[in-house]
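Subject: Handover of a structure and notes on its features

Dear colleague,

I am passing on to you the structure shown below, together with my notes on it. Please keep it open while you read.

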Amino acid sequence: MREQRWLYRGLTGITLGLALLCGAGAARADAKSNVVNLGVLSEPYTLDPHVGTSGFDYPMLYSIFDRLIDFDPKTLEPRPGLATSWRFTGADKRNFEMKLRQNVKFHDGTPFNAEAVKYNIKRFQEAKILNDLDEIERVDVVDANTIVLRLKAENSSMPILLADRAGMMVSPAAVEKLGKDFARSPVGAGPFKVKNWISGQGLILDKDPGYWNAKAIRLAGIQFRFVPNATSLASAILSGQLDFEPS
């Protein structure tokens with residue numbers, strides 16, 4: 001199951017990554033607005049990464065949420081994300097230490113730091129939707145930019161797991177403020193933030209000007225249109241109404 005999710009992420013990451021980083025060079029983004037229009041077959045029931053399981057929501061989640069550890073879409077090898085470095089320490093390699101990227105903020109302006117990571121890991125575990133982080137026994141905040149995950153047993157797959165939903169960082173302040181409404185008004189630390197979600201129609205995302213790597217994101221926004229019929233989706237792409245289908 002984990003391997004299937006990992007492969008799906010890689011395929012999605014290749015197509016979506018081209019759109020996010022290359023803008024109109026990779027997808028036919030509107031020349032005036034520089035907004036790319038994507039069609040998806042399934043509307044997600046939630047955009048809370050810690051409780052969603054559909055798989056069709058990955059293109060949207062990638063846009064909204066940066067992960068602790070990223071991956072190269074071509075090789076699927078882990079690379080720095082919100083964590084700039086990581087290592088297993090201790091004689092038994094049961095301590096997973098991460099150095100976090102500094103001066104990062106969530107879309108609501110609140111800071112990303114070690115306390116936020118600890119909150120996210122605890123929240124993911126308590127959701128009990130996926131068991132990816134069950135091996136974490138304790139989370140220790142060393143300082144604002146350093147965190148250590150104490151593992152029950154050696155687990156070399158931890159970098160890969162933190163490049164998936166378990167590593168998608170949500171704003172603790174937004175979760176506490178919005179409660180169950182967070183599912184439809186998610187707040188992350190990714191390149192795009194939610195502008196509008198219209199049930200049965202689509203999701204509109206705007207580029208976050210405060211994104212830590214904003215210069216690398218050439219698009220001004222992304223519009224996802226929900227088209228549940230595969231034939232209609234193909235027709236919309238061929239006619240130029242949509243740029244492409246990322247999933």
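Trp-197 has Leu-203 in S9 as its bridge partner. Strands S8 and S9 are paired in the antiparallel sense over 6 bridges, where two strands pair if DSSP finds at least two bridges between them. Together S8 and S9 make a hairpin with 3 residues between them, and Gly-200 in the turn has a positive phi of about 80°. The names follow one scheme: helices (H or I, at least four residues) and strands (E, at least two) are DSSP runs, numbered from the N terminus.

Please note that this is a predicted model, in which local features need pLDDT of at least 70 and side-chain atom pairs count only at pLDDT 80 or more, while totals for chains, interfaces and linings use all residues. Residues are numbered from 1 along each chain as its sequence is written, and side-chain values use heavy atoms, with hydrogens and water left out.

As background, strands of a sheet pair through backbone hydrogen bonds, either parallel or antiparallel.

Another open sheet has 4 strands in the order S4-S5-S7-S6, and its pairing is antiparallel. Its edge strands, S4 and strand S6 (136-143), each pair on one side only. On average, neighbouring strands of this sheet are turned by 20° against each other, direction ignored. S4 and S5 run antiparallel and are joined by 6 bridges, and Arg-87 stands opposite Glu-97 in S5. Helix H3 (residues 114-127) packs on this sheet, touching S5, S6 and strand S7 (146-151), and its direction makes about 170° with that of S6.

Asp-92 is in the loop between strand S4 (83-89) and strand S5 (95-100). With 38% relative accessibility, Asp-92 counts as partly exposed; buried means under 20% relative accessible area, exposed over 50%, and partly exposed in between (1.4 Å probe, protein chains only). Asp-92 and Glu-154 are 62 residues apart in sequence, yet 6.9 Å apart in space, C-alpha to C-alpha.

The nonpolar core

Which residues touch the most other members of the largest nonpolar core? Of its 55 residues, they are Leu-68, Met-98, Leu-100, Phe-112, Leu-149 and Leu-162. Such a core is a set of buried Ala, Val, Leu, Ile, Met, Phe, Trp, Tyr and Cys residues joined through side-chain atoms within 4.5 Å. Leaving aside neighbours within four places in sequence, Met-98 is in contact (heavy atoms within 4.5 Å) with several residues, among them Leu-68, Trp-86, Ile-147, Leu-149 and Leu-162.

Charged residues

The structure holds 8 salt bridges, a salt bridge being a side-chain nitrogen of Lys or Arg within 4 Å of a carboxyl oxygen of Asp or Glu. In one of them, the side chains of Asp-57 and Arg-165 meet at 2.7 Å, N to O. This pair links distant parts of the chain, 108 residues apart: Asp-57 is in the loop between S1 and H2, and Arg-165 in the loop between helix H4 (158-161) and helix H5 (172-178). Asp-57 and Arg-165 are both buried.

Asp-70 forms a salt bridge with Arg-67, with the closest N and O atoms 3.1 Å apart, and another with Arg-79 at 3.7 Å, N to O. Through shared partners, Arg-67, Asp-70 and Arg-79 are joined into one network. Arg-67 is buried, its relative accessible area being 10%, whereas Arg-79 is partly exposed at 34%.

The whole protein

The secondary structure comes to 6 helices and 10 strands. Of the 247 residues, 47% count as buried.

With kind regards

Methods. Axes fitted to C-alpha atoms, helices over the stretch in contact; angles between N-to-C directions.
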